[in-house]
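Work through the exercises below with the model open. Try each task before reading its solution.

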There are 2 protein chains.
Amino acid sequence: MSPKYSPPGDADDRPLSGITVVDLTRVLAGPYCTMILADHGARVIKVERPQGGDDARGYGPHAGGHSAYFESVNRNKESIALDLRSAADRRIFEQIVGEADVLTENFRPGTMERLGYGWPELHERFPSLIYGSVSGFGQSGSPHRDRPAYDMVVQGMSGMMSVTGRPGGEPTRVGVSIGDLAAGLFLTVGITMALLRRARTGKGSQVDIAMLDCQLALLEYSIGRHLVTGEVPGPVGTYRPGLPPPFGQFRTADGHMVIAAGNDKLFAGLCTALGRPGLSQDPRFADGESRKDNEAGLTKEIETVLAGGSTEHWCEVLGAGGVPCGPINTVDRMLADPHVAGRSMLVDAVGGGALTKVVGTPLKFSDVPDLTRVTAAPALDQHRTGILGDLGVRTEDGPEARTGHGNGPAS
Amino acid sequence: MSPKYSPPGDADDRPLSGITVVDLTRVLAGPYCTMILADHGARVIKVERPQGGDDARGYGPHAGGHSAYFESVNRNKESIALDLRSAADRRIFEQIVGEADVLTENFRPGTMERLGYGWPELHERFPSLIYGSVSGFGQSGSPHRDRPAYDMVVQGMSGMMSVTGRPGGEPTRVGVSIGDLAAGLFLTVGITMALLRRARTGKGSQVDIAMLDCQLALLEYSIGRHLVTGEVPGPVGTYRPGLPPPFGQFRTADGHMVIAAGNDKLFAGLCTALGRPGLSQDPRFADGESRKDNEAGLTKEIETVLAGGSTEHWCEVLGAGGVPCGPINTVDRMLADPHVAGRSMLVDAVGGGALTKVVGTPLKFSDVPDLTRVTAAPALDQHRTGILGDLGVRTEDGPEARTGHGNGPAS
């Protein structure tokens, strides 16, 4: 098989070493989960449809025919193309499942059952298999179980968009696909918990994650606040629980920064650092209540001063004055911050097509070498020969045989 | 000890049954993690400072003196008040740690070391202990390690705010504390992975989670897109990868909805469902390219029709016409949807002060009873007697003794 990059140190010491995942997931929520599992030692075998593979391979922007979208969440995985409606490929698939610890899928509920691979069937045949499912609305529950889900639909439906945006403004989508990503993260938690449980009981289980449920789980406090006060929260802007201004985002000469000076002492420090010590004596801003009443005027005073320098300048000056603050970075500025390299949060993708760098893992373990480079996402069917050989899978034509659509070498 | 509510079914079958967590975390990121651990069977012993406990107990809104903020993320936990600078309390704390599997903390880096409870010291004494740390910028890394972090600071700094908002508009904070919540979720993954590793190797490890790293992990595709194209992403609004309009949010008579009709067929279906079949023949909207060029006009045409009915009406009509769509709910409307009850996503909090209902868990396991009610968050020091008794902790005055500041009964 193609050699898979192993990080420095004892690979067997990684948390998920020895775990094999058969991964039927496509696009984002499922692949994000299996990326995290692969980053931490699992062998992830991505099973893709022979015609085109994972839909995300078609999502732009592309570079040299490679999708940045696909590559951003599929590093460290192996790929095999199988047609789950072909008898020969089903035999191969079932042999792979028999060797695996975990199966993941994010089809619409009912699809796996129609393929004959629903949880009850597979649990019966492979009692220790863990079966991780992610869908828009869950494997159970009415009335929405069978509806198609898009990130935007669950962000809208859950209330997530209703609390995002500027106060008084329109509901706003979160700028990343948090509907998918949160589901991928909860699926990762669920699969890892199920592995821990299996280590004790020997039993596999199905983990059933709904994108909508995960948005509700992130809205915990917005919901709690509503249940207590009866108020319906709208877009909260730079919400601060109970604190007076200045606490939020402010415009500078070249962008924006955040300033969090929510008490009298920090406010006085801010005024001094801005070169306007008199501001804290101004009766409009003398205490928290006054500052709440005169927030627009206060913002104007502060932004008038901030207009005289860059975000970088003011972050230095205010930071030196003990005022909690920070830049509102665009992603290029964030990546240029040396802290990102210091935490291995941008790492080399060995053999990358569109991306030669990808975001690192935020999971850092004291006694496991940090992930400092990864194997780039696979080409469709790239690992057929190795997978069949390693797992001892035999086809009708003998070991490691092609079934007619692979890119691997003929046997 | 106070009886702790056990869910129906065999409690020992839950994924984290038998795991004890000593929890020093406060406010949000850490407590969100230990809430998930407690929901799935871990015993979480929250160690709070005697004066006031977790800061979040002071965050409004309050009901009957109880904080909704605190209660929303501390159900199913026990509380003991200990002063980690008092010799007597330190002896108790160390005995509890000696009985625990996991310790969690979200102090500024260096604080635990100053208390004499840094990872090296505790690892030396308790080699199988897992030590979960969450901070703004991580236990290592320069230049930001020692800076204070607020949710808003990491949302701003990471680029998360820069991609959230309406195209051409200002950067916008995500309406939930995604800076904290993502860190809590990754900490949950890390601790569970470390438990799985320990089951194999017997060794504990420190899990070091930085809020900033976790935001970068969520920005994966925004970063990937930037690395490939060189373009700096701004607020993306209702971003759709490569699809033509109509795909986004639209105003109705009483609110907003999302419509995802990103190809010719779905657009024709939409026009029919809107009672405007001729719209798909209009040369301005005849194909995807034309609809991109005339998006503002298209939005106006659609919203003119939508103004004649409620969100609920249009979701029914368009849904029946096969058009992917959904409401943009406020949280009250979401909670009224029967799907939420069907998935046990709003559950009873037994003994709740501010909240008698809380958000359920999105982690559903096929063979573990779903969490349908929880024990409400504890009063400060509520479980002193039980914790000391159960863990066999002895104080100088004998078992289960008070150290002078508890609310528990005198021994």
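**Exercise 1. Which side chains meet Glu170(A) in a salt bridge, and how many salt bridges are counted between chain B and chain A?**

Solution. Start with the pair. Arg166(B) and Glu170(A) form a salt bridge, with N to O at 3.5 Å. The rule asks for a side-chain nitrogen of Lys or Arg within 4 Å of a carboxyl oxygen of Asp or Glu. Between chain B and chain A the count is 14 salt bridges. Now find the main contributor on one side. Helix H8 (residues 178-201) of chain B supplies 15 residues, the largest share of the side of chain B that touches chain A. Helices are DSSP runs of H or I with at least four residues, strands are runs of E with at least two, and both are numbered from the N terminus.

A note on the model: it is predicted, so local features need pLDDT of at least 70 and side-chain atom pairs pLDDT 80 or more, while totals for chains, interfaces and linings use all residues. Residues are numbered from 1 along each chain as its sequence is written, chains are lettered from A and ligands numbered from 1 in the order written, and side-chain values use heavy atoms, without hydrogens and water.

**Exercise 2. Describe the interface of chain B and chain A by area, residues and polar contacts.**

Solution. Take the area first. About 11400 Å² is buried between the chains, and carbon and sulfur atoms give 69% of this. Buried area is the accessible area (1.4 Å probe) lost by two parts on being put together, summed over both. Next, the residues. Each chain puts 135 residues into the contact, where contact means heavy atoms within 4.5 Å. Last, the polar part. There are 54 residue pairs in polar contact across the interface, both residues at pLDDT 80 or more. A polar contact is a pair of N or O atoms within 3.5 Å; within protein, one must be able to donate a hydrogen and the other to accept it, and residues adjacent in sequence count only if both atoms are side-chain atoms.

**Exercise 3. Find the strand order of the open sheet, and the strands at its edges.**

Solution. The order is E5(A)-E2(A)-E1(A)-E6(A)-E7(A)-E8(A)-E14(B), 7 strands with mixed pairing. E5 (77-81) of chain A and E14 of chain B are the edges; each has a single partner strand, so one side of each lacks a neighbour in the sheet. Strands pair if DSSP finds at least two bridges between them. Check the link between chains. Strand E8 (residues 206-210) of chain A and E14 (residues 364-365) of chain B run antiparallel, joined by 2 bridges. Asp208(A) has Lys364(B) as its bridge partner. Then compare E1 (residues 20-23) and E2 (residues 43-48) of chain A, which run parallel with 4 bridges. There, Val21(A) stands opposite Val44(A).
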